[in-house]
Amino acid sequence: LVEIVDSGGGSVQAGGSLTLSCVASGYGRTNYRTHSTAWFRQAPGKEREGVAFIYSGDGKTAYIDSVKGRFTISEDISKNTVILQMNSLTPADSAKYFCAAEPGWIDRWNWADRYRSWGQGTQVTVSS
């Protein structure tokens, strides 16, 4: 339905920063004028967890508690691009990060099964 390309991961030391990018295409093929985008992450042996969310309709954002004050999600609607700015990274943030998107509003933003479109993922590794 919607194609997602996510990128921007890498390896940094604790305290460093990374910027993840999520570019979506295909919204024009849907009947929705708004969309929801979220970043999830999954570390080896752990469940996938929602990290941050943004809704294009009104700019509403949401974050998992562990990243509040350190991560910022933003969107350039004209470019269908969502950015996740990650600052003050810790080893606990190491994981593969995935961008997910869905036309319209998502009422349970951190439920992975709410999203039908996913990027291939980008690895973030933070060393101590």
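Tutor: What follows is a chat about a predicted model, one term at a time.

Student: How do you know whether the chain agrees with a compact globule?

Tutor: Set the value against the rule: for 128 residues, a compact globule would have a radius of gyration near 14 Å, and the chain has 14 Å, so the two agree. Along its principal axes, the C-alpha trace spans about 45 × 30 × 25 Å. Buried residues account for 47% of the 128 residues. As for contacts between residues at least 6 apart in sequence, 58% of them join residues at least 24 apart.

Student: Now the sheet. Which strands form the open sheet, and in what order?

Tutor: Four strands form it, in the order 1-3-8-7, with antiparallel pairing. The twist from one strand to the next averages 15°.

Student: Why are strand 1 and strand 7 said to stand at the edges?

Tutor: Each of them has a single partner strand, so one side of strand 1 (3-7) and one side of strand 7 are left without a neighbour in the sheet.

Student: What makes strand 1 and strand 3 a pair?

Tutor: Two strands pair if there are at least two bridges between them. Strand 1 and strand 3 have five, in the antiparallel sense, so they qualify under that cut-off of at least two. As an example, I4 has A24 in strand 3 as its bridge partner.

Student: And how many bridges join strand 3 and strand 8?

Tutor: Six, again in the antiparallel sense, between residues 18-25 and residues 81-86. C22 is bridged to V82 there.

Student: Let's move to strand 4. Why is it called mostly covered?

Tutor: Buried means under 20% relative accessible area, and seven of the eight residues in strand 4 (residues 35-42) are buried. Strand 4 also pairs antiparallel with strand 9 over eight bridges, including one between Q42 and K96. With strand 5 it has six antiparallel bridges, and S36 is the bridge partner of Y55 in that pairing.

Student: What is there to say about G45 in the hairpin?

Tutor: The hairpin of strand 4 and strand 5 has six residues between the strands, and G45 takes a positive phi near 80° there.

Student: Next, R70. Is it buried or exposed, and how do you know?

Tutor: R70 has a relative accessible area of 16%. The cut-off for buried is under 20%, so R70 is called buried. It lies in the loop between strand 6 (61-63) and strand 7 (71-76).

Student: How about N80: why is it called partly exposed?

Tutor: Its relative accessible area is 23%. Buried would need under 20% and exposed over 50%, so N80 is partly exposed. N80 sits in the loop between strand 7 and strand 8. Its C-alpha atom is separated by 9.6 Å from that of G26, 54 residues apart along the chain. Leaving aside neighbours within four places in sequence, its contacts are C22, V23, A24, Y27 and H35.

Student: Last one: which residues have the most contacts inside the largest nonpolar core?

Tutor: That core has 27 residues, and W39, F71, I73, L84, M86 and Y97 have the most contacts inside it. Strand 3, strand 5 (49-55), strand 7, strand 8, strand 9 (95-103) and strand 11 (122-127) each supply at least two of its residues. Apart from it lies another core of nine residues, among them A38, F53, A100 and W109.

Student: And what does F71 touch?

Tutor: Apart from neighbours within four places in sequence, F71 is in contact with R41, V51, Y63, L84, Q85, M86, N87, L89, D93 and Y97.

Note on methods:
Residues numbered from 1 in each chain as written. Predicted model: local features only at pLDDT ≥ 70, side-chain atom pairs only at ≥ 80, totals over all residues. Heavy atoms only, no water. Buried < 20%, exposed > 50% of the residue type's maximum accessible area, 1.4 Å probe, protein only. Axes fitted to C-alpha atoms, helices over the stretch in contact; angles between N-to-C directions. Core = buried A, V, L, I, M, F, W, Y, C linked by side-chain atoms within 4.5 Å. Contact = heavy atoms within 4.5 Å. Rg over C-alpha atoms; globule rule 2.2 N^0.38 Å.
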